[in-house]
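Hello,

Here is the structure I said I would pass on. My notes follow it.

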Amino acid sequence: MGQYIVKRVLMMIPTLLLISFVVFVIIQLPPGDYLESYIAELQAQGESVDMEKVAYLREEYGLDKSFLEQYVSWVTGFVQGDYGYSFEYDLPVSEVVGDRMYLTILVSVITILFTWLIAFPIGLYSATHQYSWGDYGLTLVGFIGLATPNFLLALVMLYFANVYFGTSIGGLMDEQYVNQPWSWDKVKSVLEHLWIPVIVIGTSGTAGMIRRLRANLLDELHKPYVVTGRAKGLPETRLLLKYPFRVSLNFFIADIGNMLPSIISGAEIVALVLSLPTTGPMLLGALQSQDMYLAGSFLMFLAMLTVIGVLISDLLLAVLDPRIRLEGGAQR
(Lines give C-alpha, C1' and ligand atoms only; values in the text may rest on other atoms or scores of the structure.)
Protein backbone atom coordinates (compact mmCIF):
# COMPACT_ATOMS: atom_id res chain seq x y z
CA MET A 1 0.00 0.00 0.00
CA GLY A 2 2.77 2.44 0.92
CA GLN A 3 4.66 1.82 -2.32
CA TYR A 4 1.47 2.30 -4.31
CA ILE A 5 0.72 5.65 -2.63
CA VAL A 6 4.29 6.90 -3.21
CA LYS A 7 4.08 5.82 -6.85
CA ARG A 8 0.78 7.61 -7.37
CA VAL A 9 2.03 10.79 -5.65
CA LEU A 10 5.11 10.85 -7.90
CA MET A 11 2.86 10.42 -10.93
CA MET A 12 0.89 13.49 -9.84
CA ILE A 13 3.89 15.78 -10.43
CA PRO A 14 4.15 15.36 -14.25
CA THR A 15 0.35 15.19 -14.47
CA LEU A 16 -0.09 18.54 -12.73
CA LEU A 17 2.74 20.09 -14.75
CA LEU A 18 1.03 19.03 -17.98
CA ILE A 19 -2.31 20.33 -16.72
CA SER A 20 -0.72 23.64 -15.71
CA PHE A 21 0.72 24.09 -19.19
CA VAL A 22 -2.66 23.32 -20.81
CA VAL A 23 -4.44 25.72 -18.41
CA PHE A 24 -1.95 28.50 -19.16
CA VAL A 25 -2.34 27.97 -22.90
CA ILE A 26 -6.13 28.15 -22.59
CA ILE A 27 -6.16 31.36 -20.57
CA GLN A 28 -3.70 32.91 -23.03
CA LEU A 29 -5.68 31.94 -26.14
CA PRO A 30 -8.03 34.98 -26.24
CA PRO A 31 -6.36 37.89 -28.05
CA GLY A 32 -4.92 40.63 -25.89
CA ASP A 33 -4.83 40.69 -22.09
CA TYR A 34 -6.61 42.35 -19.17
CA LEU A 35 -4.84 45.68 -19.61
CA GLU A 36 -5.83 45.92 -23.27
CA SER A 37 -9.44 45.13 -22.39
CA TYR A 38 -9.31 47.75 -19.64
CA ILE A 39 -7.92 50.39 -22.02
CA ALA A 40 -10.63 49.63 -24.58
CA GLU A 41 -13.31 49.94 -21.89
CA LEU A 42 -11.98 53.33 -20.72
CA GLN A 43 -11.76 54.64 -24.27
CA ALA A 44 -15.31 53.48 -25.00
CA GLN A 45 -16.46 55.52 -21.99
CA GLY A 46 -14.57 58.58 -23.22
CA GLU A 47 -12.04 58.57 -20.38
CA SER A 48 -8.34 59.27 -20.78
CA VAL A 49 -5.75 56.51 -20.38
CA ASP A 50 -2.38 56.99 -18.69
CA MET A 51 -0.18 54.95 -21.02
CA GLU A 52 2.85 55.33 -18.73
CA LYS A 53 0.91 53.65 -15.93
CA VAL A 54 -0.22 50.91 -18.32
CA ALA A 55 3.39 50.32 -19.43
CA TYR A 56 4.49 50.19 -15.80
CA LEU A 57 1.80 47.64 -14.91
CA ARG A 58 2.65 45.54 -17.98
CA GLU A 59 6.29 45.42 -16.89
CA GLU A 60 5.46 44.99 -13.20
CA TYR A 61 3.36 41.86 -13.76
CA GLY A 62 5.45 40.40 -16.58
CA LEU A 63 2.88 40.85 -19.34
CA ASP A 64 5.63 42.10 -21.65
CA LYS A 65 7.56 38.82 -21.36
CA SER A 66 7.36 35.84 -23.69
CA PHE A 67 4.82 33.05 -23.22
CA LEU A 68 7.33 30.60 -21.71
CA GLU A 69 8.75 33.21 -19.34
CA GLN A 70 5.27 34.07 -18.08
CA TYR A 71 4.44 30.37 -17.66
CA VAL A 72 7.63 29.56 -15.72
CA SER A 73 7.11 32.60 -13.47
CA TRP A 74 3.49 31.64 -12.79
CA VAL A 75 4.23 27.95 -12.03
CA THR A 76 7.20 28.81 -9.81
CA GLY A 77 5.12 31.26 -7.81
CA PHE A 78 2.24 28.81 -7.54
CA VAL A 79 4.52 26.15 -6.01
CA GLN A 80 5.79 28.73 -3.50
CA GLY A 81 2.26 29.74 -2.49
CA ASP A 82 2.16 32.94 -4.57
CA TYR A 83 -0.96 32.58 -6.71
CA GLY A 84 -0.46 35.84 -8.56
CA TYR A 85 -2.27 39.17 -8.64
CA SER A 86 -5.86 39.79 -9.67
CA PHE A 87 -6.03 42.76 -12.04
CA GLU A 88 -9.79 43.11 -11.81
CA TYR A 89 -9.92 43.21 -7.99
CA ASP A 90 -6.50 44.90 -7.61
CA LEU A 91 -5.62 42.40 -4.88
CA PRO A 92 -3.57 39.20 -4.54
CA VAL A 93 -5.50 36.11 -5.64
CA SER A 94 -5.37 34.65 -2.12
CA GLU A 95 -7.17 37.72 -0.75
CA VAL A 96 -9.73 37.78 -3.55
CA VAL A 97 -10.83 34.23 -2.82
CA GLY A 98 -11.11 34.97 0.91
CA ASP A 99 -14.51 34.21 2.41
CA ARG A 100 -15.81 33.03 -0.97
CA MET A 101 -13.89 29.79 -0.58
CA TYR A 102 -15.28 29.10 2.92
CA LEU A 103 -18.85 29.91 1.89
CA THR A 104 -18.53 27.69 -1.20
CA ILE A 105 -17.22 24.77 0.87
CA LEU A 106 -20.02 25.30 3.41
CA VAL A 107 -22.75 25.26 0.75
CA SER A 108 -21.29 22.29 -1.13
CA VAL A 109 -20.58 20.08 1.91
CA ILE A 110 -24.06 20.61 3.36
CA THR A 111 -25.55 19.95 -0.09
CA ILE A 112 -23.66 16.65 -0.32
CA LEU A 113 -24.84 15.60 3.16
CA PHE A 114 -28.41 16.60 2.23
CA THR A 115 -28.16 14.56 -0.97
CA TRP A 116 -26.88 11.45 0.79
CA LEU A 117 -29.37 11.66 3.67
CA ILE A 118 -32.26 11.79 1.19
CA ALA A 119 -30.93 9.47 -1.52
CA PHE A 120 -29.73 6.51 0.57
CA PRO A 121 -33.00 5.71 2.41
CA ILE A 122 -35.14 6.28 -0.71
CA GLY A 123 -32.81 4.19 -2.88
CA LEU A 124 -32.87 1.35 -0.35
CA TYR A 125 -36.65 1.45 -0.12
CA SER A 126 -37.18 1.54 -3.88
CA ALA A 127 -34.83 -1.40 -4.46
CA THR A 128 -36.35 -3.57 -1.72
CA HIS A 129 -39.95 -2.68 -2.70
CA GLN A 130 -39.61 -2.97 -6.45
CA TYR A 131 -42.77 -2.18 -8.48
CA SER A 132 -44.71 -1.16 -5.36
CA TRP A 133 -46.78 2.03 -5.19
CA GLY A 134 -44.04 3.61 -3.08
CA ASP A 135 -41.44 2.70 -5.69
CA TYR A 136 -43.56 4.19 -8.48
CA GLY A 137 -44.23 7.37 -6.50
CA LEU A 138 -40.60 7.91 -5.55
CA THR A 139 -39.54 7.17 -9.13
CA LEU A 140 -41.95 9.85 -10.38
CA VAL A 141 -40.58 12.36 -7.88
CA GLY A 142 -37.05 11.46 -9.00
CA PHE A 143 -37.88 12.04 -12.67
CA ILE A 144 -39.46 15.39 -11.83
CA GLY A 145 -36.31 16.36 -9.94
CA LEU A 146 -34.11 15.38 -12.88
CA ALA A 147 -36.31 17.23 -15.39
CA THR A 148 -36.62 20.50 -13.44
CA PRO A 149 -33.88 23.04 -14.34
CA ASN A 150 -32.00 24.23 -11.27
CA PHE A 151 -32.28 27.91 -12.22
CA LEU A 152 -36.09 27.59 -12.55
CA LEU A 153 -36.36 25.90 -9.16
CA ALA A 154 -34.12 28.63 -7.73
CA LEU A 155 -36.54 31.34 -8.89
CA VAL A 156 -39.51 29.46 -7.39
CA MET A 157 -37.69 28.94 -4.08
CA LEU A 158 -36.73 32.61 -3.90
CA TYR A 159 -40.39 33.60 -4.29
CA PHE A 160 -41.69 31.23 -1.60
CA ALA A 161 -38.83 32.06 0.78
CA ASN A 162 -39.57 35.78 0.50
CA VAL A 163 -43.39 35.55 0.61
CA TYR A 164 -43.86 32.88 3.28
CA PHE A 165 -40.68 33.12 5.39
CA GLY A 166 -39.65 36.75 4.91
CA THR A 167 -36.16 35.79 3.80
CA SER A 168 -34.44 38.47 1.74
CA ILE A 169 -34.04 37.53 -1.91
CA GLY A 170 -30.57 36.46 -3.05
CA GLY A 171 -27.25 36.08 -1.30
CA LEU A 172 -26.16 33.97 1.63
CA MET A 173 -26.69 36.65 4.27
CA ASP A 174 -28.43 39.96 4.89
CA GLU A 175 -26.80 42.99 3.32
CA GLN A 176 -25.64 44.50 6.61
CA TYR A 177 -23.35 41.49 7.24
CA VAL A 178 -21.59 41.57 3.85
CA ASN A 179 -17.84 42.29 4.22
CA GLN A 180 -18.28 42.36 8.00
CA PRO A 181 -16.32 40.21 10.49
CA TRP A 182 -17.92 36.96 11.54
CA SER A 183 -20.30 37.10 14.48
CA TRP A 184 -23.14 35.00 15.85
CA ASP A 185 -25.70 37.22 14.12
CA LYS A 186 -23.88 36.79 10.80
CA VAL A 187 -23.82 33.00 11.28
CA LYS A 188 -27.57 32.99 11.96
CA SER A 189 -28.15 35.06 8.83
CA VAL A 190 -26.12 32.57 6.77
CA LEU A 191 -28.09 29.63 8.19
CA GLU A 192 -31.35 31.45 7.42
CA HIS A 193 -30.39 31.78 3.75
CA LEU A 194 -28.47 28.51 3.38
CA TRP A 195 -31.39 26.11 2.99
CA ILE A 196 -32.49 27.64 -0.33
CA PRO A 197 -29.29 26.88 -2.35
CA VAL A 198 -28.91 23.51 -0.60
CA ILE A 199 -32.35 22.36 -1.75
CA VAL A 200 -31.97 23.85 -5.23
CA ILE A 201 -28.50 22.42 -5.91
CA GLY A 202 -29.19 19.10 -4.18
CA THR A 203 -32.49 18.30 -5.95
CA SER A 204 -31.10 17.07 -9.26
CA GLY A 205 -28.17 15.31 -7.57
CA THR A 206 -30.51 13.53 -5.16
CA ALA A 207 -32.81 12.34 -7.95
CA GLY A 208 -29.93 11.00 -10.03
CA MET A 209 -28.31 9.29 -7.05
CA ILE A 210 -31.57 7.54 -6.13
CA ARG A 211 -31.84 6.06 -9.63
CA ARG A 212 -28.23 4.88 -9.65
CA LEU A 213 -28.39 3.36 -6.17
CA ARG A 214 -31.68 1.60 -6.96
CA ALA A 215 -30.29 0.11 -10.18
CA ASN A 216 -27.03 -1.08 -8.58
CA LEU A 217 -28.79 -2.51 -5.55
CA LEU A 218 -31.34 -4.39 -7.66
CA ASP A 219 -28.48 -5.91 -9.64
CA GLU A 220 -26.78 -7.11 -6.44
CA LEU A 221 -29.97 -8.44 -4.81
CA HIS A 222 -30.44 -11.00 -7.60
CA LYS A 223 -26.94 -12.45 -7.35
CA PRO A 224 -26.34 -15.98 -5.97
CA TYR A 225 -24.52 -14.89 -2.80
CA VAL A 226 -27.60 -12.96 -1.64
CA VAL A 227 -29.87 -15.93 -2.33
CA THR A 228 -27.44 -18.19 -0.45
CA GLY A 229 -27.25 -15.84 2.54
CA ARG A 230 -31.03 -15.60 2.69
CA ALA A 231 -31.33 -19.40 2.52
CA LYS A 232 -28.91 -19.74 5.45
CA GLY A 233 -31.20 -17.59 7.57
CA LEU A 234 -29.24 -14.33 7.73
CA PRO A 235 -31.39 -11.44 8.99
CA GLU A 236 -32.67 -9.42 6.07
CA THR A 237 -31.34 -6.09 7.34
CA ARG A 238 -27.87 -7.46 8.01
CA LEU A 239 -27.81 -9.26 4.68
CA LEU A 240 -28.85 -6.09 2.85
CA LEU A 241 -26.49 -3.63 4.53
CA LYS A 242 -23.39 -5.77 4.90
CA TYR A 243 -23.12 -7.10 1.35
CA PRO A 244 -25.35 -5.71 -1.47
CA PHE A 245 -25.55 -2.16 -0.11
CA ARG A 246 -21.80 -2.07 0.53
CA VAL A 247 -21.01 -3.17 -3.02
CA SER A 248 -23.58 -0.71 -4.43
CA LEU A 249 -21.63 2.16 -2.89
CA ASN A 250 -18.72 1.64 -5.31
CA PHE A 251 -19.93 4.32 -7.69
CA PHE A 252 -20.33 6.81 -4.80
CA ILE A 253 -16.70 6.27 -3.83
CA ALA A 254 -15.56 6.44 -7.46
CA ASP A 255 -17.21 9.88 -7.76
CA ILE A 256 -14.96 11.43 -5.10
CA GLY A 257 -12.58 12.52 -7.85
CA ASN A 258 -15.36 14.68 -9.32
CA MET A 259 -16.88 15.59 -5.96
CA LEU A 260 -13.89 17.42 -4.48
CA PRO A 261 -13.55 20.02 -7.27
CA SER A 262 -17.32 20.45 -7.38
CA ILE A 263 -17.21 21.38 -3.67
CA ILE A 264 -15.06 24.38 -4.60
CA SER A 265 -16.47 25.35 -7.98
CA GLY A 266 -20.10 25.03 -6.90
CA ALA A 267 -23.12 25.35 -9.21
CA GLU A 268 -22.26 28.44 -11.25
CA ILE A 269 -25.67 29.06 -12.85
CA VAL A 270 -27.56 28.62 -9.57
CA ALA A 271 -25.03 30.86 -7.83
CA LEU A 272 -25.65 33.58 -10.41
CA VAL A 273 -29.44 33.30 -10.08
CA LEU A 274 -29.31 33.34 -6.27
CA SER A 275 -26.54 35.99 -6.14
CA LEU A 276 -24.40 33.69 -4.01
CA PRO A 277 -20.95 35.04 -3.01
CA THR A 278 -19.27 31.76 -3.99
CA THR A 279 -16.29 31.01 -6.21
CA GLY A 280 -18.26 29.86 -9.27
CA PRO A 281 -19.37 33.36 -10.42
CA MET A 282 -15.90 34.66 -9.56
CA LEU A 283 -14.31 32.15 -11.95
CA LEU A 284 -16.74 33.08 -14.74
CA GLY A 285 -16.00 36.77 -14.21
CA ALA A 286 -12.24 36.14 -14.27
CA LEU A 287 -12.50 34.25 -17.57
CA GLN A 288 -14.66 36.97 -19.14
CA SER A 289 -12.34 39.81 -18.07
CA GLN A 290 -9.14 37.85 -18.91
CA ASP A 291 -7.94 38.09 -15.32
CA MET A 292 -5.39 35.41 -16.15
CA TYR A 293 -3.77 34.81 -12.77
CA LEU A 294 -7.06 34.55 -10.91
CA ALA A 295 -8.58 32.21 -13.51
CA GLY A 296 -5.41 30.12 -13.93
CA SER A 297 -4.81 29.67 -10.20
CA PHE A 298 -8.43 28.69 -9.66
CA LEU A 299 -8.37 26.12 -12.48
CA MET A 300 -5.11 24.66 -11.17
CA PHE A 301 -6.61 24.32 -7.70
CA LEU A 302 -9.54 22.39 -9.19
CA ALA A 303 -7.10 20.15 -11.08
CA MET A 304 -5.19 19.41 -7.87
CA LEU A 305 -8.41 18.48 -6.09
CA THR A 306 -9.37 16.19 -8.97
CA VAL A 307 -6.04 14.33 -8.92
CA ILE A 308 -6.13 13.99 -5.13
CA GLY A 309 -9.78 12.90 -5.22
CA VAL A 310 -9.04 10.15 -7.74
CA LEU A 311 -6.28 8.79 -5.48
CA ILE A 312 -8.58 8.86 -2.43
CA SER A 313 -11.37 7.10 -4.33
CA ASP A 314 -8.99 4.36 -5.56
CA LEU A 315 -7.76 3.69 -2.02
CA LEU A 316 -11.28 3.66 -0.55
CA LEU A 317 -12.52 1.33 -3.29
CA ALA A 318 -9.76 -1.14 -2.42
CA VAL A 319 -10.84 -1.03 1.23
CA LEU A 320 -14.58 -1.19 0.52
CA ASP A 321 -14.60 -3.96 -2.08
CA PRO A 322 -12.17 -6.89 -1.62
CA ARG A 323 -12.54 -7.74 -5.32
CA ILE A 324 -10.64 -4.56 -6.20
CA ARG A 325 -6.86 -4.64 -5.96
CA LEU A 326 -4.35 -1.83 -6.16
CA GLU A 327 -2.25 -3.63 -8.76
CA GLY A 328 -3.54 -5.51 -11.78
CA GLY A 329 -2.69 -9.05 -12.76
CA ALA A 330 -3.68 -12.44 -11.38
CA GLN A 331 -2.41 -13.51 -7.98
CA ARG A 332 -1.35 -17.13 -7.56
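**Aromatic pairs and nonpolar groups**

There are 10 aromatic pairs, counting rings of Phe, Tyr and Trp (its six-membered ring) whose centres lie within 6.5 Å; planes under 30 degrees apart are stacked, over 60 edge-to-face and the rest tilted. Phe120 and Phe245 form an edge-to-face pair, because their ring centres are 5.8 Å apart and their planes stand at 90°. Phe120 lies in helix H5 and Phe245 in helix H11 (residues 244–248), so this pair ties together parts 125 residues apart in sequence. Helices here are DSSP runs (H or I, at least four residues), numbered from the N terminus.

This is a predicted model: local features need pLDDT of at least 70, side-chain atom pairs count only at pLDDT 80 or more, and totals for chains, interfaces and linings use all residues. Residues are numbered from 1 along each chain as its sequence is written, and side-chain values use heavy atoms, with hydrogens and water left out.

Buried means under 20%, exposed over 50% and partly exposed in between (1.4 Å probe, protein chains only).

Ring pairs also link Phe21, Phe24, Phe67, Tyr71, Trp74 and Phe78 into a cluster. Phe24 and Trp74 are among the residues that touch the most other members of the largest nonpolar core, which has 27 residues. Such a core is a set of buried Ala, Val, Leu, Ile, Met, Phe, Trp, Tyr and Cys residues joined through side-chain atoms within 4.5 Å.

Regards

Technical notes. Helices (H or I, at least four residues) and strands (E, at least two) are DSSP runs, numbered from the N terminus.
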